[in-house]
Every structure is written in structure tokens, then in C-alpha cells.
Amino acid sequence: MVKTHYFFDPMCGWCYGATELIRILADSSEFEIAYHPGGMIPKRAIEPSFRQHILHADAQIAAMTNAHFGDAYKARITSAGTLILDSYLPTQAFLVGVEMGIEAHTMLKAIQQTHYQEGKELDKPEVLQTLAVSLNLDSKEWQTRMTKAKPFMIKLIQQSHTLMGQLQVSGFPTLIIEKDGQFIRLPHSAYYGKPTEWKTYLASLV
């Protein structure tokens with residue numbers, strides 16, 4: 001199997017746009033994905049000026065990748081109320097979901113859809129618990145594991161940052177394969193909205 005390093009963040013719009021490419025990669029028996037969360041946004045309120053940047057980027061992402069941004073999400077971004085974004089708690093939920101048996105790409109997609117389609121507030125533990133229950137995960141076990149998972153999540157993000165420095169990764173999403181002792185960056189952005197071509201490209205790497 002070809003080991004693939006995926007540097008991502010659940011609050012990264014371009015990672016959301018790459019969801020279909022990641023699914024295809026995950027479904028291939030020839031590739032093994034190591035997920036490296038980046039901790040892009042420590043929990044904070046988002047300024048109005050940056051909200052405009054988000055909307056502009058979302059329009060680009062939708063045009064290039066065919067990703068759908070829901071009305072509830074758009075309403076939340078444009079609302080007059082406080083907009084709080086947080087990469088850390090959703091990352092913690094991602095890790096716990098995988099620990100409890102949900103496939104990594106499935107768990108990440110569910111988190112992304114909850115944010116980018118349903119406009120839910122992923123900085124709130126109860127929202128993520130509702131998501132977990134919708135995936136048929138046990139509520140009590142989820143709460144227990146979430147309580148214990150924070151130190152591991154912080155350590156994993158720190159390790160991701162170290163590896164990003166070593167491999168000169170500066171943004172999300174980034175895909176890098178290990179092959180014949182070399183690290184090769186995949187030009188995934190050339191395949192946005194082109195799943196068939198992406199499959200053909202991946203086959204050429206094996």
C-alpha cells in the first residue's frame with residue numbers, strides 16, 4: 001500500500017471541497033491515509049471583514065469543486081450575530097469518531113457537512129454529540145471518550161505542525177505520498193470536480 005499523508009482541517013473550505021477526492025483515495029485498496037489535523041482556527045469570534053473573505057473563498061470552492069454550501073451555513077456566516085469558529089473541538093470529535101469505529105473519511109465528511117451544509121455550531125459539544133448519535137455511536141461512551149481525548153488531540157496537532165515543517169507544508173489540504181523513499185506532493189487541486197481523472201491519476205502512482 002502507498003502511504004498518503006493528508007494535512008487537513010475540518011474548518012478548511014478547500015478541504016471540504018476535496019471531500020470527494022479523499023473518498024476516492026480512501027476507497028482505494030492501494031492507498032493508506034495518515035490524517036494530520038492542522039488546528040487552523042483556535043476557538044475565536046470571526047470579524048465581519050474576514051466573513052467576507054470566507055464567502056468569497058466559498059464561491060471559488062463551489063465553482064471549482066462542485067461542493068455545496070447550504071443556506072443555513074450561508075445565513076450563519078452573514079448573520080449579524082457573533083460567529084465563533086473552532087478547529088480544535090471538531091478535530092477532537094473526528095479522532096473520537098474514528099476511535100469508536102467510524103471510517104476516518106466518513107467521520108470527517110459528516111463533520112464538514114454539519115458545518116458547511118447545516119450551519120451548525122461545531123464549537124459546542126452538544127452539537128457534536130448529536131452528530132455522533134446520528135452516526136449510531138453510543139452517547140455515554142462518546143461523552144466519556146471526548147472528555148479524555150483533548151490531550152491526545154493537542155499532541156497530534158503539534159506532531160502535524162512538526163511534520164508540516166519537515167515537509168514544507170504551508171496550507172490545507174495537502175496530500176503527500178511516500179514512495180521509494182521519497183515524499184511526493186500530489187497535485188490534487190488539478191482534479192477538483194474531476195473524480196474519474198483523479199482515479200486514473202491515482203492508478204498511475206501504484
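Biologist: How far does helix α5 (residues 88–99) reach, and what span is expected for its twelve residues?

Modeller: From its first C-alpha to its last, α5 reaches 17 Å, close to the 16 Å expected at 1.5 Å a residue. That expected span is 1.5 Å times one less than the number of residues. This is a predicted model, in which local features need pLDDT of at least 70, side-chain atom pairs count only at pLDDT 80 or more, and totals for chains, interfaces and linings use all residues. Residues are numbered from 1 along each chain as its sequence is written, and side-chain values use heavy atoms, leaving out hydrogens and water.

Biologist: Why is α5 called largely enclosed?

Modeller: Buried means under 20% relative accessible area (1.4 Å probe, protein chains only), exposed over 50%, and partly exposed in between. Nine of the twelve residues of α5 are buried, so the rest of the structure largely encloses it. Among the buried ones are Leu89, Phe94 and Val96. Their cover, judged by contact (heavy atoms within 4.5 Å), includes β1, β2 and α8 (139–167).

Biologist: How do you know that β1 (residues 2–8) pairs with β2?

Modeller: Pairing takes at least two bridges found by DSSP. Seven bridges join β1 to β2, and the two run parallel.

Biologist: Why do β2 (31–37) and β6 (182–185) stand at the edges?

Modeller: The open sheet has the order β2-β1-β5-β6. Both β2 and β6 have a single partner strand, so one side of each lacks a neighbour in the sheet.

Technical notes. Helices (H or I, at least four residues) and strands (E, at least two) are DSSP runs, numbered from the N terminus.
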